[in-house]
Amino acid sequence: MTDAAETTHRHIPDRLDNPIKSAVLSWETLLVLVAVVIFILNSLASPYFLNAWSLSDLTFNFTEKAVIALAMALLITSGEIDLSVAAIIALASTLMGMAVQWGVPTPGLVAIGIGVGLACGAFNGALVTGLKLPSIVVTIGTMSLFRGISYAILGDRAYGGYPSDFSFVGQGYVWWVISFELVLFVFAAVLFWFALHRTNFGRQIFAIGNNAVAAQFSGVRVARIKFVLFCLTGLMSGIAAVMLTARLGSTRPSIAQGWELEVITMVVLGGVNILGGAGSITGVVLAALIMGLVTFGLGLLNVPGIVMSIFIGGLLITVIALPILYRMWRERRA
Amino acid sequence: MKLIHTLAVTTALAAVFAAAPAYAQTRIALVVKSLGNGFFEAAARGAEEAAGELGDVEIIYTGPTEPTAEAQIEVVNSLIAQQVDAIAISANDPDALVPALQRAMQRGITVISWDSGVAPEGREMHLNPSSNDLIGNTIIKLSADHLPDGGDVAILSATATATNQNIWIAEAEKVLPDYEGINLVATVYGDDQSDKSYREAQGLISSYPGLKAIIAPTTVGIVAAAQAVTDAGKIGEINVTGLALPSEMAAHIKSGASQSFAIWNPIDLGYSATYIAHALATDAATAEPGATISIGRVGEVTIGEDGQAAMAEPFTYDASNIDEFATIF
């Protein structure tokens with residue numbers, strides 16, 4: 001039922017782009033296509049790929065890193081970065097191992113792992129927001145600091161003897177081939193998607209990443225939100241530490257060496273702007289899946305690891321360059 | 001008797017038919033700490049050699065780029081998915097690999113470790129390149145080989161608390177009476193530091209004018225001792241020997257400061273690991289204490305109470321083979 005007054009209004013669209021067209025041309029669509037192509041190639045290349053247990057094993061290659069990537073995506077969208085995530089895993093795992101020697105049961109171990117992660121994140125956040133230091137410098141420092149403490153405590157020894165029910169976190173299956181780690185990751189992904197794309201908190205992260213000063217003058221509490229994001233990244237690193245420690249059943253100070261770069265690769269491949277201001281959780285989840293598919297698929301063909309690194313690097317550059325090339329091509333035509 | 005015979009033949013036939021259709025080949029994965037390492041490339045050569053002798057064996061030589069446990073677990077997971085018959089692994093971590101390797105064993109894959117071992121619950125047996133008593137005997141034998149009339153020898157070790165070196169020296173002292181005329185005059189410690197080892201070697205040269213050989217069961221010590229002997233102009237009078245890496249000792253072998261030295265041979269190690277993995281995967285042998293498994297041209301190994309076996313005495317390197325191995329490791 002429309003009345004005469006309304007029909008005389010000019011139609012003003014909610015958005016300038018055609019939503020269907022922009023969805024088709026979006027980064028996520030490109031990632032889905034890449035994932036499907038790799039999935040098909042894997043199935044054709046190896047007779048062992050299309051098997052429920054193989055696909056289940058595949059998820060273990062990325063779940064722990066992807067759990068951190070969810071929080072890292074928010075942090076990078078806000079224009080900051082955390083290079084200490086792998087070192088946080090080492091410290092959290094070391095202190096969990098220490099607690100095992102004192103006879104702490106599984107719930108206590110999980111609490112220690114998550115608590116240490118949160119504390120490390122808060123430490124990073126306090127240095128960045130309190131002292132106004134660049135996050136890349138602060139977290140390069142804490143990267144050495146956190147892992148250094150692990151080395152100081154453990155040296156060349158290892159902690160083991162984790163209780164058998166603790167191993168469920170990293171090795172257990174909820175139902176058939178669906179691992180507990182995978183369920184945890186999916187649950188976390190839904191929470192982070194909601195936080196970034198459906199809440200004020202999420203809108204404020206985008207605002208800070210696009211222009212922190214403008215956001216500050218618009219009443220966004222920039223420092224507080226950045227502090228929360230560092231805490232969140234630390235917290236997720238703590239959760240990843242619990243998962244990884246439970247999967248390995250032991251702790252050495254070299255645990256998760258080099259993971260910070262793999263986590264950041266996932267985030268960037270997922271379409272998050274490394275300079276902040278843009279990104280989506282869907283993209284990060286797809287990027288995690290793609291990296292899992294690529295590493296597992298090439299592993300099935302016994303491709304040496306160095307070729308795998310070259311492939312991941314090439315994939316990253318291709319996926320980032322393609323949209324830019326497309327835009328340049330369109331501008332030249334116009 | 002005839003009944004038993006018939007039963008045995010039938011069982012054997014059934015076993016052949018049950019085993020045959022899955023794969024014509026036995027697929028053995030040689031998993032190393034990291035790719036691009038000369039030591040492991042040499043082990044892979046040995047594995048291929050063994051595969052050629054055994055026939056119908058495919059070697060999958062693989063490993064991560066970074067020498068980490070996490071990356072090696074990803075490799076193991078992909079091997080489980082490929083349903084290989086056996087995994088022979090040199091592990092980056094004795095404990096962290098255990099859950100992944102246990103899963104492999106649950107799915108019927110034979111798992112052994114070699115070179116760098118896995119905790120007992122994560123493998124069926126472990127192949128050591130050598131054993132403490134064989135090493136102890138070898139380092140004395142190396143000096144005795146070039147001293148037909150006997151003479152004074154001294155040991156230059158790592159630190160006084162180094163577990164491996166102390167065990168080897170204790171074993172060496174045990175076999176000393178077997179070598180007539182060989183007289184151990186001193187044991188000194190260079191702490192595995194080049195400069196301290198060099199000074200300790202100088203001290204030995206001046207304190208014992210009749211010294212005929214310096215035995216250093218550590219690669220830092222042997223290189224420093226060879227340098228000290230060279231600098232003192234004692235080449236030909238004092239022979240430096242012990243355990244070392246061929247690449248670090250090539251120059252001293254050529255100068256004559258060292259006649260020969262020993263260390264495990266990575267080619268033989270990969271070769272033997274393949275033989276053992278094949279025997280266990282094809283059920284020709286069982287991994288239990290006391291079991292003896294043939295390892296082709298290298299001989300045979302016997303699995304000890306601890307589930308470990310020693311391949312052979314360390315391999316001797318001298319002027320005849322140093323060039324070949326110096327490029328490997």
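Just after helix H13 of chain A, Gly249(A) takes a positive phi of about 70°. Helices here are DSSP runs of H or I with at least four residues, strands are DSSP runs of E with at least two, and both are numbered from the N terminus. The structure is a predicted model, in which local features need pLDDT of at least 70, side-chain atom pairs count only at pLDDT 80 or more, and totals for chains, interfaces and linings use all residues. Residues are numbered from 1 along each chain as its sequence is written, while chains are lettered from A and ligands numbered from 1 in the order in which they are written.

**Chain A**

The expected span of a helix is 1.5 Å times one less than its number of residues. For the 27 residues of H13(A) this gives 39 Å, which agrees with the 39 Å between its end C-alpha atoms. Of these 27 residues, 22 are buried, so H13(A) is mostly covered. A residue is buried if 20 or more other C-beta atoms, placed from the backbone, lie within 10 Å of its own, exposed if 12 or fewer, and partly exposed in between.

Gly130(A) belongs to helix H7 (residues 106-130) of chain A. Gly130(A) counts as exposed because it has 10 C-beta neighbours inside 10 Å.

**Where the chains touch**

Two residues are in contact if their C-beta atoms, placed from the backbone, lie within 7 Å. The contact between the chains takes 27 residues from chain A and 24 residues from chain B. On the side of chain A, four helices, H4 (52-60), H13 (222-248), H15 (281-300) and H16 (305-333), each supply at least two residues. H15(A) gives the most, with four residues. That side divides into nine nonpolar, 15 polar and three charged residues.

**Chain B**

| Property of chain B | Value |
|---|---|
| Secondary structure | 11 helices and 14 strands |
| Box of the C-alpha atoms along the principal axes | roughly 75 × 50 × 35 Å |
| Buried share of the 329 residues | 50% |

Among contacts in chain B with a separation of 6 or more, 71% join residues 24 or more positions apart. An automatic or database domain assignment divides chain B into domain 1 (2-128 + 266-313) and domain 2 (132-263).

Definitions and conventions
Ala, Val, Leu, Ile, Met, Phe, Trp, Tyr, Cys and Pro count as nonpolar, Asp, Glu, Lys and Arg as charged, and the others, Gly among them, as polar.
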